[in-house]
Structures are given as C-alpha cells and as structure tokens.
Amino acid sequence: MKHFLLGFVFFFLLYNCYADGPGFSIRRVGAESIFTFKGVSNIKNFVLAYSHYEFYKKDTAKKEFYNQLLEIIAEDPSVIYTQERGRHWEESERDFYISLIDTLHGITLDSMKYVAKDYNIDFTISGVVDGKLQYKADSSKAVFQYVFFKGESTTSVYKKNRIIFIACSILGFLLLLGMFLRKKNNQTN
Amino acid sequence: MSLYYMVLGFFIIKGVLAWPFYYGLKWKALQVGLALALFQGSSFTMLYHETKFDFWALFLIAIVFDTAVYFVLLRRVWWKAILLGVLLNLIGFIFFIILNG
C-alpha cells in the first residue's frame, strides 16, 4: 500500500509537470507544419493565394499590429512550411488562410482558414465551381524534424531520425539497467 | 540540435568531467557517462520539442536520477554523487538550452 501511494504521488507529480509546465517553454521550437498543394494547374482564370498573419511588433498582443502577408501559390505541386519557432504569444502566426482570387476583376471569391499547428495538410484541388474552390484536405500529424548530423536535410528522413532518437534513449536506459543488474548480481554472489 | 552533438556534449559533461572523481574505477565512469548521455540526450530533446514538460522539474528529476546513478553504479560516497549530480546537470542544462533554445 505504501509503495502504491508513493507510485501514485510520483506519477501524479509527473503528470502535473507535463500538464502545466511553464519551465523553459517560452522559446521551445515545435513541429513544423507542412502544406502541400496538388492540382493547382486545374484552376483556370483564378489565382490561389496563401496568407498568414505575422506580428508587426513582437512585444504586444494587440491585434492592430497584425500584418498580413500574401503569397501566390503558382507551382504544381507547391509545398509551404510554416514557421518552426513559436513563442506562446505568437501562436496566431500559425493561422493560415487560402484565398481564391479572380485575376480579371481583382476580387477574392473564396477563402478558407486553417490553424496550422501540429498537423500537415495535403490539399488536392480539383477546380472551381460557381466561385467556390473544390478541394480535398487530408491531415496528418506533424513530426518534429530531428537531425542526426548538423546540416542534414530532413525533408524525407525525419520519421527515421525520430526512431533513431527513441532507439538511442532506450539503448541508454537498457545500458544503465544492465549495469545496475550486473552490480546487484555481483553483490549477492 | 543534432543528436550527434547532443550525445557527445552530454558524454563529455556527464562522463569525462565525472571521471577524475572516480579515477580509481578506471573506465567505469565513462561507461556510465555514455549510457546517461544516450538516455538523456535523446529523451530530453524529444521532451523539449514534443511536450510541454516543465524543465525546472526535469532539472530536479535529473539531479536526483544522476545522483542515484553515480551513488549506486560507481562509488557509495554521498558527497561526490550529490556534488556531481548538481554541478554536471547545471552545466548539462545550460549546454542543452544554449543549443536547443
């Protein structure tokens, strides 16, 4: 019973650290979201634009300091990476808009908002019907792009690198456990 | 931060710097340092980037863990284990935050 209570307190404390942990978190780099646009060439007479909000000044949370940026999505397929670094008050930078713009009249016909956090989204665009963009969006969990060596390209190997990180962690723990068990056996013998 | 530099840095901090304190045990301190570097270097990086784990709490947990490891696996001398647990983790966490933050 005593061990059970100690274990409960230990796990409760760990859970509490996990749930409300502010320590060292203000500049933590999170997983980068990757957006892939396929079928952009299916849109005729229209232009697809990507926009996200960026803080004009870093030291305030006032909305009047937002500054909108617009990028035209021209290539097929196009890949867009969101900011990889986020402080708590800059999370809105990950709000992400796609706009369908009529190039002849210069008006925005359709716009969609996505919160670009922790997820990669693959857009497959089939065309435009009655001024509305026809598309399919598939999301998958974003994985942090760990590197094994400095300067390594991570676009294709980041899932493999994550497995290497987990394997190293387990290997180190098993080495420690092995040394502990060896020491314990030596003492009993 | 690349895994190679992280493990190498943690090995130097937790193994090579601890080695003179346990000089009589030959390579044992380096072995323990390598195991700690492999275990903590990669797991701390993942905790830092993928979770909101409180790193002040992790700092304390790491001090207790390392102290216990040095005490149990190396030499049963309390003052050495506590001194190394606090000092090496302080250096280790500064190294970690400079390179990851």
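Read along the sequence, chain A of this predicted model follows the pattern α-β-β-β-β-β-β-β-β-α. Of the 189 residues in chain A, 14% are buried. Among contacts in chain A between residues at least 6 apart in sequence, 52% join residues at least 24 apart.

Chain A is in contact with chain B through 29 of its residues, which face 30 residues of chain B. On the side of chain B that touches chain A, at least two residues are supplied by each of α1 (3-16), α2 (28-50) and α3 (55-74) of chain B. The largest share of this side, 13 residues, comes from α2(B). Classified by residue type, the side of chain B that touches chain A contains 20 nonpolar, seven polar and three charged residues.

Within chain B, α2(B) also packs against α3(B), at an angle of about 160° and with the two axes 11 Å apart. Angles over 145 degrees count as roughly antiparallel, and α2(B) and α3(B) are therefore roughly antiparallel to each other. The crossing in which α2(B) passes α3(B) is right-handed. To this contact α2(B) contributes B:Lys28, B:Ala29, B:Val32, B:Leu36, B:Gln40 and B:Leu47, while α3(B) contributes B:Leu58, B:Ala62, B:Asp66, B:Val69, B:Leu73 and B:Leu74. By class, nine nonpolar, one polar and two charged residues form the contact of α2(B) with α3(B).

Notes
Residues numbered from 1 in each chain as written. Chains lettered and ligands numbered in written order. Predicted model: local features only at pLDDT ≥ 70, side-chain atom pairs only at ≥ 80, totals over all residues. Contact = placed C-beta atoms within 7 Å. Helix = DSSP H or I, 4+ residues; strand = E, 2+ residues; numbered from the N terminus. Nonpolar A, V, L, I, M, F, W, Y, C, P; charged D, E, K, R; others polar. Axes fitted to C-alpha atoms, helices over the stretch in contact; angles between N-to-C directions. Parallel < 35°, antiparallel > 145°, perpendicular 65-115°, else oblique. Left-handed = near helix turned anticlockwise from the far one by under 90°. Buried ≥ 20, exposed ≤ 12 C-beta atoms within 10 Å, placed from the backbone.
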